[in-house]
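Please read them with the model in view.

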Amino acid sequence: MQQRISPASALTGAITLPGDKSISHRYAMISAIADGESRIHNYSTGADCHSTLSCVRALGIDVEVAGAEVVIRGKGLDGLRAPSGDLDAGNSGSTIRMLSGILAAQPFLTRIFGDESLSRRPMQRIMRPLAEMGAEIGAREDKFPPLEIHGTRLRPIDYTLPVPSAQVKTCVLLAGLFAEGQTSVSEPVASRDHTEIALREFGADLKIAQRKITLSGRPHLTGRELMVPADLSSAAFFIVAALLVPGSQLTIRGVGLNPTRSALLDFLTGMGAKILIPTLECWNGELIGDIIVQHSELKGGTVEGALTAALIDEIPVLAILGAATEEGLIVKDAGELRVKETDRIRTVVENLRRLGVEAEERADGMVIPGRQKFRAGQFDSFGDHRIAMAFAVAALLADGPSVIENAEAASVSFPEFWSTLARIAG
Ligand code: S3P
């Protein structure tokens, strides 16, 4: 699908967004291995989270979906059954990596595959700890999907993450639920902690001290009523758009503001962004609040070290913001961007150049000088949802109408993106 976008004069009004992708995946997986019914409100409408639901269903769990309301009737830690065919994770790295932790503990063999992009993404990061726990996992070229997971009775481990990755942390913790004894995961750099929060919510026993999480195996998990906040990583596109388009004032309702996810807001306010959060609430252990954002003059900045890990999904849209700031944006320590849905260093720089924006590609980052103008043009999502949405924001600032090729990619996390954008940008 091609999407045409005209420059915007101001973004105004109030919007609601789909439920958080990271939290939705976790609630679905944990609900399936908890005892009894879980009701999940505002479950992500994105295709990725629906890949997780299909996998859970194929493992013998009853799942009812009515829009963003999902009911999952969990069967406890020992209630999954062997699927009759291969599991399809679609485009979703979270589905394949996190669910593998559960599959590794089953008394049956599972094959799980994904689309072309997922079939190129590295899986050793989960294969290694799961092998240490006793599972046997085969993969294409020993590292890529499809995975063939020979489940077994797992041993607990004490694991230090070699890459900062919440997906890997989650995989090991989910596997640890099935192992007798204490499984620990230490992370050198803090990553999103939705799994820890959700596991406690479902009744698991976790101790967390100095970035080491210790989980007691074989807990009794019970189904719950859960509310998923709106996805801050989806809100990021609208936050950046409202900051950059003169005259904008936008309210985004009920957004997840977990401190391990909200570095974006601190980074932006640090460079002069006018962002207000009038009230904060806590639902199922997750912080949530409205965000009010106003057009602002921005200084620019550097993303590096732990901040890069905290902002990893927002870097494509920050690259666009960077070009419009006073001093530009430097991104360092971002090698992980090369193994996302696309190589996001390459796809961002390629599209920026198509916009007439100067950008330097580095091995693990990029440099984008500030005070640049955007030229209307033709961009490509390259099949990556965050690239499609980031360059939609750029197109709002261009000097004429632009076209985005393969715009349907946005539905991986945000199927309503184009209609929401049309509503607030006229
Ligand atoms: C996610 C973790 C991040 C992120 C992805 C979602 C999660 O991936 O990029 O979109 O829900 O745990 P990594 O774990 O590979 O850093």
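1. A cavity here is a set of grid points where a 1.4 Å probe fits but cannot get out, and its lining residues have an atom within 4 Å of a point. The model is predicted, and totals for linings use all residues.

2. How many cavities of 30 Å³ or more does the structure hold? There is 1, and the volume of the largest cavity is about 40 Å³.

3. The lining of the largest cavity is made up of Asp20, Ile23, His194, Pro229, Leu232, Gly256, Leu257, Asn258, Arg261, Glu286 and Leu287. By class, these are 5 nonpolar, 3 polar and 3 charged residues.

4. Turning to the open spaces, the largest pocket has a volume of about 530 Å³. Its lining has 35 residues, and those nearest the centre are Ala166, Arg192, Ile312, Asp313 and Lys340. Two or more lining residues come from each of α1 (21-32), α3 (93-103), α5 (166-176), α9 (306-310) and α12 (385-396). The largest share is that of α1, with 4 residues.

5. Both domain 1 (3-18 + 229-425) and domain 2 (21-227) give at least three residues to the lining of the largest pocket. That lining divides into 17 charged, 12 polar and 6 nonpolar residues.

6. The second largest pocket holds about 390 Å³ of space. It is lined by 15 residues, with Leu244, Ala324, Gln372, Lys373 and Leu397 closest to its centre. In this second lining, 7 residues are nonpolar, 4 polar and 4 charged.

Technical notes:
Residues are numbered from 1 along each chain as its sequence is written. This is a predicted model: local features need pLDDT of at least 70, side-chain atom pairs count only at pLDDT 80 or more; totals for chains, interfaces and linings use all residues. Side-chain values use heavy atoms; hydrogens and water are left out. On a 1 Å grid over the protein atoms alone, a cavity is a set of points where a 1.4 Å probe fits but cannot get out, and a pocket is an open set with protein on both sides within 12 Å along at least five of seven lines; lining residues have an atom within 4 Å of a point. Grid points are joined across faces, edges and corners, and a volume is the space filled by probe spheres set on the points. Ala, Val, Leu, Ile, Met, Phe, Trp, Tyr, Cys and Pro count as nonpolar, Asp, Glu, Lys and Arg as charged, and the others, Gly among them, as polar. Domain bounds come from an automatic or database domain assignment.
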